[in-house]
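Me: I would like to learn how to read a structure like this one, feature by feature. Please give the general idea each time, then the case at hand.

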Amino acid sequence: MAAPITQISSAANPVSSPPQMVPSSTCLRCDVCCRFPDPDSPLRPYFTGPEVRQAVAAGVEADRFPSPGGGQISLVPDEQGEGFHCPAFNPVTSVCKIYEQRPLDCRLYPLVLMWNERHDEVMLGWDSKCPFMRDQVPDAIRQHADRAIEWLNSREVLAAVSNHLRLIGRFQADVAELSPLPAVTLALSRRWGKVPIHRLTLDDVSRLTAALHRSGLPEARSLAAYSAPYHYLCGTLLSYWWAELDGAFCLFVESPDGWFMPLPPLTKGPIEKPIAASFEFMRRRNGDSAVSRIENISELVASRLRPSGYRLVPKDGDYLYRAEELAALAGDRFKSQRALCNRIERMNGVAVTPYALGDRAECRKLLQRWRGQKRTGALDSLGRLLLDDALSSHEIVWSHAFDLRLSGTVVRIDGTIRAYTFGYWLTGTTWCVLLEVADRTVSGLAQYLFRDTCRAALSQGAEFINTMDDAGLPGLGLSKRSYHPVTQVQNFILTEDRGL
Ligand code: SF4
């Protein structure tokens, strides 16, 4: 990930710089670094909190960082091609505009910190994609690695690395393993415990889906959160991790306030032991902070846990509708929505088609326009945060709709995309609307697209439509209630009872 410049200064960096091997002349000719095929590439650079502050001070937009406390930077689409690049990278000059302040993750490259295949030891590897490393004889690389290991084993670097679990990447078959790093492994296990914990990546989506099905949580009237794409997309804002605890698949979120669980432990068997192990796991990271909690507890799971003395606090749930009603919009109570749909029906040049990857660039333009339109309206800070997050999560949806089993629809007016929506099947009879964007200057377009989505879902067997919760946004709540939900899905937040 390192970009070219000959002079290296470590003075401004939170920890000293590792030894460097690749000369800037090579970097200038390279077309690998700082560029990535996907918006959610697991290899995009990780910035610690101080590194985020330095990068922002050096000119990188603050909204490119999901959290001021540290995280992987959000990439930007490459205007010339189909891929993505780091926002600090100038694709015309191939120069990193924050080279002096680039994060440790980039300063180490093409050396890489990663877990071994068993995920029980940290390894130093070298990325065979770096052209310079490909040309080097192994002896030169080994000598360079020895110098890097000496640097990594220093007290200052061990402390920095062990505070940031995310600096250790997952095992990659195309990264050559150079040496185990026992001192780094030990520092991490002292800081975080011995239980192996993994970042939730695209490769884990099928694992999470299987665990959800085994748990029996997804049901016709259950929460949209009982699906893997929901959480994978939330990962653009917060860091998602998973671990196996007492035979259960446990999903964790690392937020700026601390660690919590967005789902109960996923298991076929008794849940009490995995719950106790999960709280123990969070306590190790959060201390006694009240942030340790488990969200999206269903009524069934809650009824099993009440006798154990846990505290259960009800939370606003997803809006659930009858598909048949929304497809028809019949009667007085849907009069205004029907009138808006009729406006679009009377227009010429309206075409509704399934989303295709080739629609991505046009959807991107529409999203930019839509965000501008929304910003001119009354939005509170949460609304703004969700709007900022939309950029990254929609980018992932456009790129990985197929991998995430999402289905999308676009509406063109006179050949130009003016609205799009994506959703997924929670069960064979419940369709969840994940996101919807409609040009706000075309009155009735959002209502028309929503009705079309419900009609399509009904024709494929949907009994219910789930539109998720309203995120506490009053305007959104009002709009969702105007469609007359049959219920809001009951759910709870679980905390340990402290007897307060
Ligand atoms: S911070 Fe600089 S070196 Fe690191 S990926 Fe971005 S552009 Fe490249």
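Reply: Start with burial: a residue is buried under 20% relative accessible area, exposed over 50% and partly exposed in between, using a 1.4 Å probe and protein chains only. His 85 has a relative accessibility of 7%, so His 85 counts as buried. This is a predicted model, in which local features need pLDDT of at least 70 and side-chain atom pairs count only at pLDDT 80 or more, while totals for chains, interfaces and linings use all residues. Residues are numbered from 1 along each chain as its sequence is written, and side-chain values use heavy atoms, with hydrogens and water left out.

Me: Where is His 85 found, and which residues does it touch?

Reply: Strands (E, at least two residues) and helices (H or I, at least four) are DSSP runs, numbered from the N terminus. His 85 belongs to strand 5, residues 84-85. Contact means heavy atoms within 4.5 Å. Not counting residues up to four places away in sequence, the contacts of His 85 include Cys 34, Arg 35, Phe 36 and Pro 91.

Me: Is Ser 308 buried or partly exposed?

Reply: Ser 308 has a relative accessible area of 42%, so it is partly exposed. Ser 308 sits in the loop between helix 11 (299-305) and strand 16 (311-315). Its C-alpha atom is separated by 9.8 Å from that of Glu 496, 188 residues apart along the chain.

Me: Which residues touch the most other members of the largest nonpolar core?

Reply: A nonpolar core is a set of buried Ala, Val, Leu, Ile, Met, Phe, Trp, Tyr and Cys residues joined through side-chain atoms within 4.5 Å. The largest one has 97 residues, and those touching the most other members are Leu 124, Leu 208, Phe 252, Tyr 420, Phe 422 and Leu 494. A second, separate core has 23 residues, including Cys 30, Phe 47, Phe 84 and Ile 98.

Me: Why is strand 13 described as largely enclosed?

Reply: In strand 13 (residues 248-255), 8 of the 8 residues are buried, so the rest of the structure largely encloses the strand. In a regular strand, side chains alternate between the two faces of the sheet. Here Ala 248, Cys 250, Phe 252 and Glu 254 point one way, Phe 249, Leu 251, Val 253 and Ser 255 point the other way, and all are buried.

Me: How many bridges join strand 13 to strand 12, and how many to strand 14?

Reply: Strands of a sheet pair through backbone hydrogen bonds, either parallel or antiparallel. Two strands count as paired if DSSP finds at least two bridges between them. Strand 12 (residues 239-245) pairs with strand 13 in the antiparallel sense over 7 bridges, with Trp 242 opposite Leu 251. The hairpin of strand 12 and strand 13 has 2 residues between the strands, and Asp 246 takes a positive phi near 50° there. Strand 14 (residues 258-260) runs antiparallel to strand 13 and is joined to it by 3 bridges, with Val 253 opposite Phe 260.

Me: Which strands stand at the edges of the open sheet?

Reply: The open sheet has 7 strands in the order 18-19-20-21-22-17-23, with mixed pairing. Strand 18 (350-354) and strand 23 (487-488) stand at its edges, each with a single partner strand, so one side of each lacks a neighbour in the sheet.
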